[in-house]
Amino acid sequence: GLFFLKWPRSILLHSLNIIGLIGLLLLIICIAPLQLTAAFNPVVMNIAMLMLSVVAVQLIVQEQNKDLKQ
C-alpha cells in the first residue's frame with residue numbers, strides 16, 4: 001500500500017499487483033477451497049482489486065499516449 005502512495009502511476013507496480021493477486025487467488029483455491037463459498041470471499045475481493053489495477057494501467061497508458069501526441 002505504501003508503494004502505491006509513493007508511485008501511484010507506476011505500470012510495473014500495478015502489474016506486480018495483478019500478478020500477486022492472481023497468485024493469492026490460486027493459492028486459496030489450492031489450500032482452502034471452502035473459503036470460496038463465504039461472503040466477501042477471496043474471488044470477489046481479488047477480482048475487484050484486480051480490476052482497479054487494470055483500470056489504473058489503462059488510465060496511465062491513455063495519459064502517456066495523450067502526452068506523446070501533444
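Helices (H or I, at least four residues) and strands (E, at least two) are DSSP runs, numbered from the N terminus. This is a predicted model: local features need pLDDT of at least 70, side-chain atom pairs count only at pLDDT 80 or more, and totals for chains, interfaces and linings use all residues. Residues are numbered from 1 along each chain as its sequence is written, and side-chain values use heavy atoms, with hydrogens and water left out. For the protein chain, the mean pLDDT is 92. There, 100% of residues reach 70 or more.

Start with the overall layout. The protein chain has 3 helices and 0 strands. From the N terminus on, the order is α-α-α. The C-alpha trace spans about 50 × 20 × 15 Å along its principal axes. The radius of gyration of the protein chain is 15 Å, whereas a compact globule of 70 residues would have one near 11 Å. That radius is taken over C-alpha atoms, and the globule rule is 2.2 Å times the number of residues to the power 0.38.

Next, the loop between helix 1 (2–6) and helix 2. S10 lies there. The S10 side chain reaches the backbone nitrogen of L13 at 3.1 Å. This is a polar contact (a pair of N or O atoms within 3.5 Å; within protein, one must be able to donate a hydrogen and the other to accept it, and residues adjacent in sequence count only if both atoms are side-chain atoms). F40 sits 30 residues from S10 along the chain, and their C-alpha atoms are separated by 28 Å.

Now helix 3. At its start, a side-chain oxygen of N41 reaches to within 3.0 Å of the backbone nitrogen of V43. The 28 residues of helix 3 should span 40 Å at 1.5 Å a residue, and its end C-alpha atoms are 40 Å apart, so the two agree. The expected span is 1.5 Å times one less than the number of residues.

Which residues of helix 3 are buried? They are N46, L50, S53, A56, V57 and I60. Buried means under 20% relative accessible area, exposed over 50%, partly exposed in between (1.4 Å probe, protein chains only). What covers these residues includes helix 2. Across the protein chain, buried residues make up 17% of the 70.

Contacts (heavy atoms within 4.5 Å) complete the picture. Of those with a separation of 6 or more, 54% are between residues 24 or more positions apart.

Key
pLDDT is the predictor's confidence in each residue, from 0 to 100.
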